[in-house]
Amino acid sequence: MSEEPIDLATALASFEQLWSPRVVTRVNDYDVRVAKVRGDYVWHAHEHTDEFFLLLDGDLRIRLRDDADAPERTVTLRPGSVFVVPRGVEHRPESDGGASILLFEPTGTLTVGERHEEIPDHVDATTGHPLEC
């Protein structure tokens, strides 16, 4: 990781791939990742960790399914807002107009979690790519 400050706009400008996070730094045993998103992600759940979202710009909704008996709900984030998806909760981020997000996840966490639906071609199932800028 860099020993210099990291400009998030520069980091985001260094790649074009959607739903393909880049690790900008680490905090203890957590990755700080940035990603560009547009369209629908995949329904998934992280069984052992919460997932932190910070919307940097654009529009982002996170659809949530707590359990089979509860109705699905949607959380809408505005730029500068944060939301934490609790561990074990199925969720699907989506963005109509595109967005840039920052995520905190334990290092090595797969972006699609341990439980997910079939992974479409536009989704990069990864533990995060190194930032190259």
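So, which residues touch the most other members in the largest nonpolar core? Of its 20 residues, the answer is Phe53, Leu60, Ile62, Leu77 and Ile101. By core I mean buried Ala, Val, Leu, Ile, Met, Phe, Trp, Tyr and Cys joined through side-chain atoms within 4.5 Å, with buried being under 20% relative accessible area for a 1.4 Å probe, protein chains only.

Quick caveat: this is a predicted model, where local features need pLDDT of at least 70, side-chain atom pairs count only at pLDDT 80 or more, and totals for chains, interfaces and linings use all residues. Numbering runs from 1 along each chain as its sequence is written, and side-chain values use heavy atoms, leaving out hydrogens and water.

Back to Phe53. Leaving aside residues up to four places away in sequence, Phe53 touches, among others, Leu60, Ile62, Leu77 and Ile101, contact being heavy atoms within 4.5 Å. Apart from this core there's another one, of eight residues, including Ala11, Phe15, Val32 and Val34.

Now, the hole. A cavity here is a set of points, on a 1 Å grid over the protein atoms alone, where a 1.4 Å probe fits but cannot get out, and lining residues have an atom within 4 Å of a point.

Fourteen residues line the cavity, with Trp19, Tyr41, Ile101, Leu103 and Thr111 nearest its centre. Strand 8 gives the largest share, four residues; strands are DSSP E runs of at least two residues, numbered from the N terminus.

How values were computed: Buried < 20%, exposed > 50% of the residue type's maximum accessible area, 1.4 Å probe, protein only. 1 Å grid on protein atoms, 1.4 Å probe; cavity = no way out; pocket = protein on both sides within 12 Å on 5 of 7 lines; lining within 4 Å.
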